[in-house]
Amino acid sequence: MLSGCVISTSSSLDDYAGADAAKLRVSNNADALTLHIYTRVGSCLQEVDSKSLTAGINVLGIKSTRNKTVAGIAPVPEGSPLKGLDVMEYTIKAGQYLSLGYSTVSETQYSQTRHDASRSFVPTAGHSYEAYTGQGGYYINEVIITDITHGKNDLAPTWPLKECKYQYNMLRHKIYSDVQMN
């Protein structure tokens, strides 16, 4: 009955007001991107929070929020897949371990499978980034994050660290174990 409907259950991201800010532009489409925030524990990372980056409700393309903008973000570069689309822009704290991702579920008569896609990055103060989903996946598309500070679509570097080992509890919350120390 709710086919073609996306409802985000994460709280929305508030804009960061510090001097060490970076800017982030995301596509506001059916692939509801979520920002996951991590902290370093020993030689690995643990997720500490997550925030929704897209419209809270999207029913057949009718969104609860359209085109949120922030001052000072680099313009959309030529060749960007976000040119002319609905976007959400944010001011984020630089230097954090962040991951942008989304999930879909495929169902058969006998099973249900969750598919996840994400990409990590550490934003640099004064830089502008774009994030969107690629094309061509069967159940899910890759997440792409580019640094557009200088008018180009350069891929943002990923984390040099791994996420700490975890298991999901019954409510699908991560329970970390086996923290690796240096």
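Arg-172 is partly exposed, at a relative accessible area of 34% (buried means under 20%, exposed over 50%, partly exposed in between, with a 1.4 Å probe and protein chains only). This is a predicted model, where local features need pLDDT of at least 70 and side-chain atom pairs count only at pLDDT 80 or more, while totals for chains, interfaces and linings use all residues. Residues are numbered from 1 along each chain as its sequence is written, and side-chain values use heavy atoms, with hydrogens and water left out.

Back to Arg-172: its phi is near 60°, a positive value in a residue other than glycine. For context, most residues other than glycine have a negative phi. Arg-172 belongs to the loop between E14 and strand E15 (174–176); strands here (E, at least two residues) are DSSP runs, numbered from the N terminus.

**Charges and rings**

Arg-172 also lies over the face of Tyr-168, 3.9 Å from the ring centre. Likewise, Lys-174 puts its charged end over the ring of Tyr-166, at 4.7 Å from the centre. The rule for a charge over a ring is NZ of Lys or CZ of Arg within 6 Å of the ring centre and within 35 degrees of the ring normal.

Rings of Phe, Tyr and Trp (its six-membered ring) pair if their centres lie within 6.5 Å; planes under 30 degrees apart are stacked, over 60 edge-to-face, and the rest tilted. Five aromatic pairs turn up in the whole structure, and two of them are listed here.

| Pair | Centre to centre | Angle of planes | Type |
|---|---|---|---|
| Tyr-97 and Trp-159 | 6.3 Å | 80° | edge-to-face |
| Tyr-166 and Tyr-168 | 5.4 Å | 80° | edge-to-face |

Tyr-97 sits in strand E8 and Trp-159 in the loop between strand E12 (154–155) and E13, so their pair ties together parts 62 residues apart in sequence. Both Tyr-97 and Trp-159 are buried, whereas Tyr-166 is partly exposed at 32% relative accessibility and Tyr-168 is partly exposed at 35%. Ring pairs also bring Tyr-38 into a cluster with Tyr-97 and Trp-159.

**The disulfide and its sheet**

With a disulfide taken as two cysteine sulfur atoms within 2.5 Å, the count comes to one. This disulfide joins Cys-44 to Cys-164, S to S 1.9 Å, and the link is right-handed, with 90° about the S-S bond. Cys-44 is in strand E4 (residues 44–52) and Cys-164 in the loop between strand E13 (162–163) and strand E14 (166–168), so to speak distant parts of the chain, 120 residues apart. Cys-44 is buried at 1% relative accessibility, and Cys-164 is buried at 1% too.

E4 and E13 run parallel and are joined by two bridges; strands pair if DSSP finds at least two bridges between them. Cys-44 has Lys-162 as its bridge partner in E13. Both strands belong to an open sheet of five strands, ordered E9-E8-E3-E4-E13, with mixed pairing. Its edge strands are E9 (112–121) and E13, each pairing on one side only.

**Two cores**

A nonpolar core is a set of buried Ala, Val, Leu, Ile, Met, Phe, Trp, Tyr and Cys residues joined through side-chain atoms within 4.5 Å. The largest has 21 residues, and those with the most contacts inside it include Leu-24, Val-26 and Phe-121. A second, separate core of eight residues includes Trp-159, Leu-161, Cys-164 and Tyr-176.

How values were computed
Helices (H or I, at least four residues) and strands (E, at least two) are DSSP runs, numbered from the N terminus.
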